[in-house]
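Biologist: I am new to this one. Could you show me the structure and take a few questions?

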Amino acid sequence: MPIIAPSILAADFGNLAKDIEMINNSEAEWFHLDVMDGVFVPNISYGMPIIEKINALTDKVLDVHLMIVDPDRYISTFKQVGADILTVHYEACTHLHRTIQAIKAEGMKAGVALNPHTPVSVLEEVINDLDLVLIMSVNPGFGGQKFIENTYNKISKLKKMITTANANVIIEVDGGVNNINASKLVEVGADALVAGSAIFNAENPTSYISELKKA
Ligand SMILES: O=C(CO)[C@H](O)[C@H](O)COP(=O)(O)O
């Protein structure tokens, strides 16, 4: 069964504690936290204070996805506010190997995210250093976008790469994930599903999470 990581981007920030409680009492294992800087992506979301607040209200895993340039500047700060997994973008890192090592040196799991146009082959030389690869199934920056169909193909290729390298890497997928595409995503190799609008717009978000879990 896949790991379910609700994306807080789609939560009700007017009453965040209520949505956090809903996730705490659901079958979701992770909180997916999207940090956007308005430079790497054309949107600004939230930062450390929100992550710190969520950390104080949950024992679940905090899966932090940095959509920011030069993420090395903030690695230790994200550790301090409670990140368990820290994912940086391949496209935002000049010295990716160094960044991965710096995340692991802080005691966090290290992830790398790939934009839809970036081939999985760019990770071949670091695949054994990684804990997680995040395949973006939309262009990052906004929730509620349409799922890109080529994602299935990318996940299959990544799965093959991981198996060939005998690596221990979680494949996570983010963007337009819902109860229609979830099963096929798991079938082709996804281990963790991020979903925002599908969960928070559902009539019963807790049951929707259970539905995704059964994928
Ligand atoms: O932040 C995103 C893109 O940058 C994601 O798509 C978001 O985490 C999930 O939202 P949705 O499920 O509504 O696509």
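This is a predicted model: local features need pLDDT of at least 70, side-chain atom pairs count only at pLDDT 80 or more; totals for chains, interfaces and linings use all residues.

Modeller: Residues are numbered from 1 along each chain as its sequence is written.

Biologist: What is the order of the strands in the open sheet?

Modeller: Strands (E, at least two residues) and helices (H or I, at least four) are DSSP runs, numbered from the N terminus. Two strands pair if DSSP finds at least two bridges between them. The open sheet has eight strands with parallel pairing, in the order S1-S8-S7-S6-S5-S4-S3-S2.

Biologist: Which strands are the edge strands?

Modeller: An edge strand here pairs on one side only. The two edge strands are S1 (3-6) and S2.

Biologist: Which residue in S5 is the bridge partner of His89?

Modeller: Strand S4 (residues 85-89) pairs with strand S5 (residues 109-114) in the parallel sense, over five bridges. In S5, the partner of His89 is Ala113.

Biologist: What angle does the direction of helix H4 make with that of S5?

Modeller: Axes are lines fitted to C-alpha atoms, for helices over the stretch in contact, and angles run from 0 to 180 degrees between N-to-C directions. Contact means that the C-beta atoms of two residues, placed from the backbone, lie within 7 Å. Helix H4 (residues 96-105) packs on the sheet and touches S4 and S5. Its direction makes an angle with that of S5 of about 145 degrees.

Biologist: Which residues come nearest to the ligand?

Modeller: A residue counts as near if its C-beta atom, placed from the backbone, lies within 6 Å of the molecule. Strand S2 (30-36), strand S8 (192-195) and helix H7 (197-200) each supply at least two residues of the shell. Of the 21 residues around the ligand, the nearest are Ser7, Pro140, Gly143, Gly196 and Ser197.

Biologist: Is Asn166 buried or exposed?

Modeller: Asn166 is in the loop between helix H5 (151-164) and strand S7 (170-174). Its phi is near 55 degrees, a positive value in a residue other than glycine. Buried means 20 or more other C-beta atoms within 10 Å of the residue's own, exposed 12 or fewer, and partly exposed in between, with C-beta atoms placed from the backbone. Asn166 has 8 other C-beta atoms within 10 Å, so Asn166 is exposed.
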